[in-house]
Amino acid sequence: MDIDAGDRLVEAIKPLAASTRRPGANADLGGFSGLFDLRAAGYDDPLLLAATDGVGTKLKVAIAADCHDYVGIDLVAMCVNDLVVQGAEPLLFLDYYATGQLSVEAGTAIVGGIAEGCRQAGCALIGGETAEMPGMYSDGDYDLAGFSVGAVERDKILQPAAIEPGDVLLGLASTGLHANGFSLVRRLVKDLGHDYGAPAPFSADETLAEVLLRPTRIYVPSCLAAIRAGLIKGLSHITGGGLIENPPRILPDNTLARIDGGAWPVPPLFKWLAKSGGVEAMEMARTFNCGIGMIAIVAANDAADATAQFEAAGETVWTIGAVEAAEGAARVELNGLEF
């Protein structure tokens, strides 16, 4: 145990936390808890929403490549993207960083990524926990968990009841794998004898590690802008469960989301995974985002305006399907996805 290293890490990350300061939050670290003032943030009758997540075995790739700058962004993204799908603005974030032996350099890089993710999402990093546990983790290993709280005015929350047959599905491009499916990816890399530091087998301009560690896109700014413009009926964050299991979570019963898998170009990374691993198209769609990181559901007559709004916010957007009437529990029907 190195208490001095822990103290040095706290001092190193104080300015990172301070850089995420926003109305309602005091970003100074060192107290026993963090405080957030909802009234100062401008809310009148808010509902609070909370989300927690991790980065999974993507961390093993970061450790193997000795690149820790981006996994903190993943950690924030996996939480805040889950909040915005109900119309909530992420307000605050806390992290849990556990390791066997504390590295101030790696810890600072990790928290630097968390602070960057918070800045992108507009939420304050108000605290966290660094746990040094010799014997629990192997040398160099660590784990991360994130916790975020958001708010939405009571009458503005997004709910399945607003969605109806005829609504249009807009797919927002992902930046890669995001933080799902890495156990399969790591197994393939090992079985095929690839080196994370070598050029990617499907992209000579980047190393395999650079492609795999590309951070999860944070969709909060673009989605909040579209929500506040009155253009959004529903949002689905495409995480574990992929394109098959996530959209039904926001659909009402007696509807289905019909997705045209040929409506967007599948990135080379996913084609390589499918071919190298012998993974069938439907299993790919159930495991990975396949190039679509967020689905927005909009009224048909708002589709053009919503697309323009998202594109103005920096998103790449495709019309990928529609909501249809069906009997029974909500589901997805996906056709035309090829690798």
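Q: Starting with His178, is this residue buried or exposed?
A: His178 is buried, at a relative accessible area of 1%, where buried means under 20% relative accessible area, exposed over 50%, and partly exposed in between, computed with a 1.4 Å probe on protein chains only.

Q: What kind of model is this, and how are residues numbered?
A: This is a predicted model, in which local features need pLDDT of at least 70 and side-chain atom pairs count only at pLDDT 80 or more, while totals for chains, interfaces and linings use all residues. Residues are numbered from 1 along each chain as its sequence is written, and side-chain values use heavy atoms, with hydrogens and water left out.

Q: Ok, where does His178 lie?
A: His178 lies in the loop between strand S5 (168-173) and H5; helices (H or I, at least four residues) and strands (E, at least two) are DSSP runs, numbered from the N terminus.

Q: And what does His178 touch?
A: Leaving out residues up to four places away in sequence, His178 touches Lys58, Asp74, Pro215, Thr216, Arg217, Tyr219, Asn289 and Gly293, a contact being heavy atoms within 4.5 Å. A polar atom of the His178 side chain also lies 3.5 Å from the backbone nitrogen of Arg217.

Q: What is the phi of His178?
A: His178 is not a glycine, yet has a positive phi of about 60 degrees.

Q: Where is Asn254, then?
A: Asn254 is in the loop between H8 and strand S9 (255-260), and at 45% relative accessibility this residue counts as partly exposed.

Q: Switching to H2, which of its residues are buried?
A: In helix H2, residues 58-65, the buried ones are Lys58, Leu59, Val61 and Ala62. They sit on the same side of H2 because they cover an arc of only 155 degrees around the axis, the arc being that of the directions from the helix axis to the C-beta atoms.

Q: What do the buried residues of H2 pack against?
A: They pack against H3, strand S4 (142-153), helix H5 (182-192) and helix H6 (208-212).

Q: How much space lies in the second largest pocket?
A: About 330 Å³ lies in the second largest pocket. A pocket is an open set of points on a 1 Å grid over the protein atoms alone, where a 1.4 Å probe fits, with protein on both sides within 12 Å along at least five of seven lines, and its volume is the space filled by probe spheres set on the points, which are joined across faces, edges and corners.

Q: Which residues are closest to the centre of that pocket?
A: Of the 18 residues that line the second largest pocket, those closest to its centre are Asp82, Val85, Gln86, Leu235 and Ile250, and a lining residue has an atom within 4 Å of a point. Strand S1 (46-54), helix H3 (71-84) and strand S8 (234-237) each give two or more residues to the lining, and S8 provides the largest share, four residues.

Q: Last one: where is Thr239, and is it buried or exposed?
A: Thr239 is in the loop between S8 and helix H8 (242-245) and counts as buried at 10% relative accessibility. Not counting residues up to four places away in sequence, Thr239 touches Met78, Asn180, Asn246 and Arg249.

Technical notes
A polar contact is a pair of N or O atoms within 3.5 Å; within protein, one must be able to donate a hydrogen and the other to accept it, and residues adjacent in sequence count only if both atoms are side-chain atoms.
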